Amino acid sequence: MLEAEVEDAENLAMAHWPIPVDLFVSKKHPSLPRGLLAFADSSGNILFRLNSLSHHPKKTLRLLDSAGNPLISIYRHHDGSWQGFQGDDGQKDLIFQVLRVSNKFARTELEVFLVAENHQGELTCDFKVKGCHFQRSCTIYKGDSIVAQTTLMHKLRQTYVSRRKFQLTMFPSFVDPALIVAVVVIFLVNGPKKSKILDKLPVSI
C-alpha cells in the first residue's frame, strides 16, 4: 500500500495531468491519528497530509507527502498574511506569500504571490482564491482560468451535508499540486471566527 501511495504522489507531482483530479479531504482518515488533515485519492490512498508544529513560536503548518516528507512549511503572520517555504520549517527558500483581501462570514478572498514570478520589481498576483469558508467552498483562479475548486460532498435525498469531509478538484494545468493543496489549507485555516464556531454544524440544503 505504501509503495502505491508513493507512486501516486510522484505521478501527481508531475503537475500536468490531462484530466481533472479529485482528492478527498478529511480529518478522519483511518491510517492517521484523529484530527490530522489528509488529502486522499478515490481509493483512500493519502497523497498529502498536514501537521501542526505547536512548539514553534509562530503558527506553523507543515504539508507532507504520502511518505511523511516535508513539502511546504506554512507560516502565519500577525497581519493575517501567510508565507510558504520549501521543505522543513526553516525559513530559507520562500515559495509564495498569501494576502487576505476579504474575510467575511459569507466571503473569503485571498491573493497568492509566487516568489519565482515576482523577483523583479513590484509584486503581481499569480492566483486568486474566492469562496465561503462555512461551505468549505472555494475556487482558485489563475487569470481567467480555474485551477482548482473545493466542494462539499452532496448526496441525493440528503437534507444536511457534513463539512467534515469535502472534495478538492484540480483541473488540468502545470501548477504544482502541493502548492494548490497548501493554498487550500490556508483558505481553510483563514476563515472568520464566527465561521469557525459553527464549523461542527452540518449544512442544510
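This tour moves through a predicted model, one selection at a time.

**The whole chain.** Begin by colouring the protein chain by pLDDT. The average over the chain is 80, and 72% of the residues score at least 70. Next, select strand β10, residues 137–142, where confidence is highest, at a mean of 95. Then select strand β14, residues 203–204, where confidence is lowest, at a mean of 37.

**The stretches below 50.** Select residues 1–14, over which the pLDDT is below 50. In the model, this stretch has 21 contacts beyond near neighbours in sequence. Now select residues 194–205, where the pLDDT is also below 50; here the model has 33 contacts beyond near neighbours in sequence. Where pLDDT is low, the predicted coordinates should not be read in detail.

**Residue I95.** Proceed to strand β7, residues 94–103, and pick out I95 within this strand.

Which residues does I95 contact, leaving aside its neighbours within four places in sequence? They are I72, G84, F85, Q86, F113, L114 and V115. For L114, draw a distance between C-alpha atoms: I95 and L114 are 19 residues apart along the chain, yet these atoms are separated by 6.0 Å.

Notes: Residues are numbered from 1 along each chain as its sequence is written. This is a predicted model: local features need pLDDT of at least 70, side-chain atom pairs count only at pLDDT 80 or more; totals for chains, interfaces and linings use all residues. Side-chain values use heavy atoms; hydrogens and water are left out. Helices (H or I, at least four residues) and strands (E, at least two) are DSSP runs, numbered from the N terminus. Contact means heavy atoms within 4.5 Å. pLDDT is the predictor's confidence in each residue, from 0 to 100.
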